[in-house]
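Thank you all for coming; I would like to take you through one structure this morning, going slowly for anyone who has not seen it before.

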Number of protein chains: 2
Amino acid sequence: MAQNVYDNPEFFAGYRQMPRQVKGLDGAPEWPAVRAMLPAMKGLRAVDLGCGFGWVARWMRENGAAAVLGLDLSENMIARAKETTADPAIEYRIADLDTLDLPAGAFDVAFSSLTFHYVADFARLARTLHTALAPGGHLVFTIEHPVYMAAENAQWQADADGTLAWPVNGYSREGERRTDWFAKGVLKHHRTVATTLNALIDAGFAIRRVGEFAPTQEQVAARPDLAKEIERPMFLMVGAQR
Amino acid sequence: MAQNVYDNPEFFAGYRQMPRQVKGLDGAPEWPAVRAMLPAMKGLRAVDLGCGFGWVARWMRENGAAAVLGLDLSENMIARAKETTADPAIEYRIADLDTLDLPAGAFDVAFSSLTFHYVADFARLARTLHTALAPGGHLVFTIEHPVYMAAENAQWQADADGTLAWPVNGYSREGERRTDWFAKGVLKHHRTVATTLNALIDAGFAIRRVGEFAPTQEQVAARPDLAKEIERPMFLMVGAQR
């Protein structure tokens with residue numbers, strides 16, 4: 001079973017204060033780019049893997065999705081998500097993506113935000129999602145970028161004139177990464193960009209769009225702390241189609 | 001017109017001493033991975049963009065290619081390539097990839113090794129190659145990895161215990177990069193992984209395989225200087241199909 005740090009009280013107390021948890025999609029600077037990868041939601045059956053508090057599930061319903069299934073490993077997350085809606089077309093369920101099974105052809109869209117880097121066997125999950133999508137169905141997801149997560153507990157390096165650089169090491173050494181993030185030893189799984197894309201291709205997906213988050217000038221003006229994200233790719237975003 | 005540093009005598013004097021120029025494909029540690037992306041060559045019409053001394057063109061003919069067109073901006077390269085073969089099915093021609101035109105449907109394979117990072121407008125070149133390939137035709141190429149080339153004149157950083165890290169900055173700032181490599185101010189064009197893959201998708205290609213060079217244990221045993229290439233992705237390798 002995957003590590004369930006989200007139900008660690010210390011972790012959760014910090015995590016729930018993040019802008020993206022407090023403000024929802026407006027607090028997620030990559031959301032405009034991710035949204036552009038999603039198909040028109042009207043009438044579609046969607047699954048959100050690692051749904052958290054349900055911000056995207058509710059957005060999907062507001063944009064016409066016929067039904068949304070939100071899955072998360074965390075009881076905290078699922079309990080909170082359930083509190084936010086009485087919509088009978090949104091269902092929330094506890095699930096472990098490392099052992100997930102889904103009915104064949106049951107969804108038109110599979111979505112996931114910043115969750116798949118917790119999954120040990122991404123190739124297995126890609127095959128599961130390919131089977132769970134109807135032909136033509138879309139998979140859109142984000143992960144922490146492998147360049148961002150290759151080195152454990154990396155820190156920005158500044159040279160004499162203040163230029164920031166992000167240190168990369170172990171890029172080709174795939175596997176577990178332990179990082180301190182609201183709690184000690186949060187477990188993630190590092191895979192290269194190539195491994196992630198090839199797992200999708202091998203599962204039968206066509207790659208439709210690849211994104212690497214960089215803030216816009218407007219976003220940097222509104223949130224100066226985002227400026228440094230121009231220097232390194234922080235999130236990898238992928239749109240694929242069965 | 002693209003910068004033609006390969007006809008700078010100082011540059012060329014250094015460049016021609018590189019293992020991959022002296023030993024050919026055996027001196028290019030990424031070649032086994034690149035070769036695995038190529039289709040069986042028998043009977044195929046191929047074009048090699050940035051053919052250099054013609055090592056790959058000759059390999060293609062030895063493996064049954066019907067005809068190979070080798071293109072390079074450098075008179076030095078083309079002159080040397082012509083000296084290495086009397087095969088009438090190999091043609092070498094000077095060409096600038098920034099303004100290249102090729103006949104429609106004329107090739108079954110387009111190949112390029114470590115050249116497209118010199119091209120200013122990769123989207124234009126991707127469209128040119130899509131048109132030049134017959135339906136089902138393959139495009140296989142390598143470039144310097146954007147993580148390798150984002151920071152100008154970057155140097156390995158070693159921490160107190162000797163762990164090496166590669167500094168990344170300006171990853172999302174695409175455009176010109178000047179680097180000192182056998183000559184001062186060699187001009188390259190930095191693009192993100194996403195921009196490169198999306199240009200191919202937009203031109204009509206299906207992405208078949210993505211690779212990021214890492215040396216094998218056997219390669220490191222034979223060439224210990226390659227060990228550090230496990231820490232960073234040095235080359236990006238792409239297989240695509242019309």
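In chain B, helices α6(B) and α8(B) cross in a right-handed way. This is a predicted model, so please keep that in mind throughout. Helix α6 of chain B covers residues 122–132 and helix α8 of chain B covers residues 193–203, and their axes come within 9 Å and cross at roughly 40°. An angle under 35 degrees would count as roughly parallel and one of 65 to 115 as roughly perpendicular, and α6(B) and α8(B) are therefore oblique to each other. Which residues make this contact? From α6(B) they are B:Phe122, B:Ala123, B:Ala126, B:Arg127 and B:His130, while α8(B) brings B:Thr196, B:Ala199, B:Leu200, B:Asp202 and B:Ala203. Sorted by class, that contact has six nonpolar, two polar and two charged residues.

If you now turn to chain A, you will find helix α6, residues 122–132, packed with α8(A) at an angle of about 40°, their axes being 9 Å apart. These two helices, α6(A) and α8(A), are therefore oblique to each other, and α6(A) passes α8(A) in a right-handed crossing. On the α6(A) side the contact is made by A:Phe122, A:Ala123, A:Ala126, A:Arg127 and A:His130, and on the α8(A) side by A:Thr196, A:Ala199, A:Leu200, A:Asp202 and A:Ala203. Here the contact of α6(A) with α8(A) divides into six nonpolar, two polar and two charged residues.

Let me step back to chain A as a whole. Its secondary structure comes to nine helices and 11 strands, and its C-alpha atoms fill a box of roughly 55 × 40 × 35 Å along the principal axes. A compact globule with 242 residues would have a radius of gyration near 18 Å, and chain A, which has 18 Å, agrees with that.

Next comes the sheet. Seven strands of chain A form an open sheet with mixed pairing, and their order is β3-β2-β1-β4-β5-β11-β10. The edge strands of this sheet are β3 (90–94) and β10 of chain A, each of which pairs on one side only, and from one strand to the next the twist averages 15°. Helix α4 of chain A, residues 55–62, packs on the sheet, where it touches β1 (45–49), β2, β3 and β4 (107–113) of chain A, and its direction makes about 175° with that of β2(A). As for the pairing itself, strand β2 of chain A, residues 67–72, runs parallel to β3(A) over five bridges, and within β3(A) the bridge partner of A:Leu71 is A:Arg93.

Finally, how many residues does each chain give to the contact between chains A and B? There are 32 residues from chain A and 32 residues from chain B. On the side of chain A that touches chain B, the elements giving two or more residues are β7 (164–168), α8 (193–203) and β10 (206–212) of chain A, and β10(A) gives the most, with seven residues. By class, this side of chain A has 18 nonpolar, eight polar and six charged residues.

Conventions. Residues are numbered from 1 along each chain as its sequence is written. Chains are lettered from A and ligands numbered from 1 in the order in which they are written. This is a predicted model: local features need pLDDT of at least 70, side-chain atom pairs count only at pLDDT 80 or more; totals for chains, interfaces and linings use all residues. Two residues are in contact if their C-beta atoms, placed from the backbone, lie within 7 Å. Helices (H or I, at least four residues) and strands (E, at least two) are DSSP runs, numbered from the N terminus. Ala, Val, Leu, Ile, Met, Phe, Trp, Tyr, Cys and Pro count as nonpolar, Asp, Glu, Lys and Arg as charged, and the others, Gly among them, as polar. Axes are lines fitted to C-alpha atoms, for helices over the stretch in contact, and angles run from 0 to 180 degrees between N-to-C directions. Angles under 35 degrees count as roughly parallel, over 145 as roughly antiparallel, 65 to 115 as roughly perpendicular and the rest as oblique. A crossing is left-handed if the near helix is turned anticlockwise from the far one by less than a right angle, and right-handed if clockwise. The radius of gyration is taken over C-alpha atoms; the globule rule is 2.2 Å times the number of residues to the power 0.38. Two strands pair if DSSP finds at least two bridges between them.
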